[in-house]
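Dear colleague,

I am passing on the structure below, and would be glad if you could look it over before reading my notes, which follow it.

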Amino acid sequence: MTPSDTPETNDNEPVPEGAAEGAKPTRAGFIAVLGAPNAGKSTLVNTIIGTKVSIVSPKVQTTRSIVRGIAMEGQSQLIFVDTPGIFKPNRRMERAMVSAAWTGAADADMVMLLVDARRGFSEDVKAIIDGLLEAKRKAVLVINKVDTVARPSLLDLSADLFDTGAFSDVFMISALKGDGVRDLVDYLAARMPEGPWLFPEDEVSDLPQRLLAAEITREKLFLNLHQELPYSVSIETEAWEERKDGSVRIDQIIYVMRDSQRSIVLGKQGAQIKRIGAAARTELEELLERRVHLFLHVKVAEDWHERRDHYMAWGLDFDA
């Protein structure tokens, strides 16, 4: 910091939060996390933040909306924009998801492309790289799940990807185990733009609690229902009641498209919905650090995926 930049006591301008005389300047910036479906984007963001801010599932296309996770690293505030996986879209929702991912990249200070080491240089990855090159946007290449692939194959994959000219640097990590993540975070923190922090120091996400609660329940649906049904459901937090004893009552609607799907979600004598509700309630209590009364209701709405208000709730562009 130069003498002209040093804050003085008689200056009318406030000292940026987190900064003090003689201290390193504060930094803050947005980092878009791009990748093909199921590359491990949400796992990486959750690992860096240290708590769940984005739902995780072994099924592809789990993340629908843009989720921002906030991490503090020294004087740097890193705002990770976990985007939906980028793939070739066919339906309205898929187009909206892919559009949201590219919007997140365009608005970010830095871009990371996460590549699943096992899937390698896939068609989805190639399409994303082509998009980066077209936008003349350099990205940080992050090869994930490196513990599942032999080292010679990793080096070949890294060279093939880097030779495309779309990347400034390469990191090899295991988001699940945390291997290599520390070096990646240090690298990003040092390259954030100088400026005041954009969120409170103790905030880990800008996702509203009502939406986070809906996402948690949707994750449990993904994990418990093995058919294609999870892609045909939507969760809405209909009511959120703060109780005098410190607990919270949450009422959610699970929208499905057909009566047969409603039966699947409910299960025999309601066993499936009870199992989903119990799992969601347990996780919500851990996240909210208080008792949660969760009530799930299943409704048939054939056109829920064509309702503009659903897209607005997720931060998606209905007309994408």
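In what follows, buried means under 20% relative accessible area, exposed means over 50%, and partly exposed lies in between, with a 1.4 Å probe and protein chains only. This is a predicted model, in which local features need pLDDT of at least 70 and side-chain atom pairs count only at pLDDT 80 or more, while totals for chains, interfaces and linings use all residues. Residues are numbered from 1 along each chain as its sequence is written, and side-chain values use heavy atoms, with hydrogens and water left out.

Helices (H or I, at least four residues) and strands (E, at least two) are DSSP runs numbered from the N terminus. Helix α1, residues 41-49, is mostly covered, with eight of its nine residues buried, namely K41, S42, T43, L44, V45, N46, I48 and I49. After α1 comes G50, which has a positive phi near 95 degrees.

Strand β4, residues 110-116, has seven of its seven residues buried; M110, M112, L114 and D116 point one way, whereas V111, L113 and V115 point the other. In a regular strand, side chains alternate between the two faces of the sheet. Two strands pair if DSSP finds at least two bridges between them. By that rule β4 runs parallel to β1 (residues 27-35), joined by five bridges, and also parallel to β5 (residues 139-144), again through five bridges. M112 stands opposite V33 on the one hand and opposite V140 in β5 on the other.

K220 belongs to helix α6, residues 209-224, and counts as buried because its relative accessibility is 8%. Its side chain makes a polar contact of 2.7 Å with that of E283, a polar contact being a pair of N or O atoms within 3.5 Å, where within protein one must be able to donate a hydrogen and the other to accept it, and residues adjacent in sequence count only if both atoms are side-chain atoms. Beyond four places in sequence, K220 is in contact (heavy atoms within 4.5 Å) with K52, I276, A279, A280 and E283.

As to confidence, pLDDT is the predictor's confidence in each residue, from 0 to 100; the chain averages 82, and 75% of the residues score at least 70. Over residues 1-16 the pLDDT is below 50, and this stretch has eight contacts beyond near neighbours in sequence. Residues 57-65 also stay under 50, and the model has 50 contacts for them beyond four places in sequence. Where pLDDT is low, the predicted coordinates should not be read in detail.

With best regards
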